[in-house]
Amino acid sequence: MIANGEILVDDEMKSVITKELAWHYSILPKEKLEDTLIFYVDNKDDKEKVIEDLQIIFGTDIKLIPVDSTLIEKGLSINYRKSNSKNTKTNPEDFLEYIISESIDFGSSDIHFEIYKDEARVRIRIDGILIEKNKINKEEYQEIVNRIKIQSNLDITEKRLPQDGRTRISDFDIRVSILPTLYGEKIVLRILGQDASNIDINKLGFEEIEQLHYIEAIKKSNGIVLISGPTGSGKTTTLYATLKILNETKRNIVTVEDPIEYTLEGINQVQLKEDIGLTFASALRSFLRQDPDVIMLGEIRDKETAEMAIRAALTGHLVLSTIHTNSAWGTISRLIDMGVPPFLLAETINISVAQRLVRKLCINCKKKTILNENDIPNLYKSLLRIKEHFLAVGCDKCFYTGYTGRRAIYEIIPMDEIMAENIKENKMDISSDVKENGFSKLSEKALEMLQTGETSLEEVYSILINRS
């Protein structure tokens, strides 16, 4: 079926042909009659040759419906996406394992199973954006829900209350969240347990001067290193790149996380369990009796945790943590608002870092166009000197999203005497001091990516209007 400029293939028809054959012949299955298989085919191909080959392969009559090549390319990309991974563990017979393995191959962070009135679907999150991957009929959906519950040691008879669990597939930990909705239970699988040994701080996106100051801050024997940003901004990856540097035999490193997203040999990782009283604050209290050198807290959420982190830093420990704020200086303001005395912050914070992940335009399909002044945030209309920019288009190389990969951008404030005085005086405007040290704001980094054509206005708009 063709709808909204896409060829939709249901799961029953999808299994008619292998991914390799679909791509080789540029065809997509439409329907199966009693003695005939019907396929969509690229209108540029030699239909007689394709029919002849397919009749030999399937041993039945073949009918082809020619359609525009862009429809075929998009349909193949969505329904039979190619994987660059060499993983051979995918088992097409087992739909759940197939979806999880394929999602891992694509670098997906989350898998969503959702049910509605007439059908169910699977979406996967790639580069921070959800993409529809499969349609599922409602009868099969319940079987998938039950299988996930069994693998995660959850109650298959409970359909009225949310449930949370964990399972392990293909050497990956999977966090399971089940939520009752109007038409059934929605499931989100978060892919965890990735090996952090391949994370390299040199490839995260720090500029040279930023990285030098950051390394200097984390090499101190005590103090606090704070990474801020919204959910999905790459904070955990930055922290694990940091731990990898610090992970030496002479150091005792302990972490408490919710959830544990990476594993790293040589560090002691603790999973947060608030339902039994294992909170960030209580874990930190226990850590201090474990003779630690480095402590990593997944997040500072409240005054108690903040005060415990300050105390740990004052007693000779290096504390790494994250916090949800819009900017590096906003982190300081948030902690002061929590009730932490400014003079203690000035004494203990080594560096404050804010970061975002910005999607990069696909170089195969991005399209240059005239920049409409009305599309620019008011603050930048007098500053932006470009007349053209690039739009995200979408092609088979980028799964029709218009983007491939992401780049981290950073805003850092190393702590020196001037910044310490600003904190003690609760001075809010520090733009000139930061500028003098050669550091840029997140909005300036985003603007630079827009001007060089690396990303789109749509992607950086929210960063610009936050004035971060």
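**Group meeting: core, surface patch and salt bridges**

I begin with S69, which is placed in helix α4 (residues 69-79); helices here are DSSP runs of H or I with at least four residues, strands are runs of E with at least two, and both are numbered from the N terminus. This is a predicted model, in which local features need pLDDT of at least 70, side-chain atom pairs count only at pLDDT 80 or more, and totals for chains, interfaces and linings use all residues. Residues are numbered from 1 along each chain as its sequence is written, and side-chain values use heavy atoms, with hydrogens and water left out.

S69 counts as buried because its relative accessibility is 9%; buried means under 20% relative accessible area, exposed over 50%, and partly exposed in between, with a 1.4 Å probe and protein chains only. Not counting residues up to four places away in sequence, S69 touches D42, N43 and K44, where contact means heavy atoms within 4.5 Å.

The largest nonpolar core has 51 residues, and I224, L297, L335, L345 and I349 have the most contacts inside it. Its largest share, 6 residues, comes from helix α10 (residues 303-314). Such a core is a set of buried Ala, Val, Leu, Ile, Met, Phe, Trp, Tyr and Cys residues joined through side-chain atoms within 4.5 Å. Neighbours within four places in sequence aside, the contacts of L297 include V256, F280, L284, A309 and V319.

I turn to charge pairs. Side chains of opposite charge can pair when their charged atoms come close. The whole structure holds 27 salt bridges, each being a side-chain nitrogen of Lys or Arg within 4 Å of a carboxyl oxygen of Asp or Glu.

Helix α10 returns here, with both K303 and E307 lying in it, 4 residues apart, about one turn of the helix. Their closest N and O atoms are 3.8 Å apart. K303 is partly exposed at 40%, and E307 is likewise partly exposed at 31%.

K424 and E421 also meet in a salt bridge, at 4.0 Å from N to O. Because they are 3 residues apart in helix α13 (residues 417-424), about one helical turn separates them.

Finally, E114, E119, R121, R123, E132, K135 and K186 are linked in a network of salt bridges.
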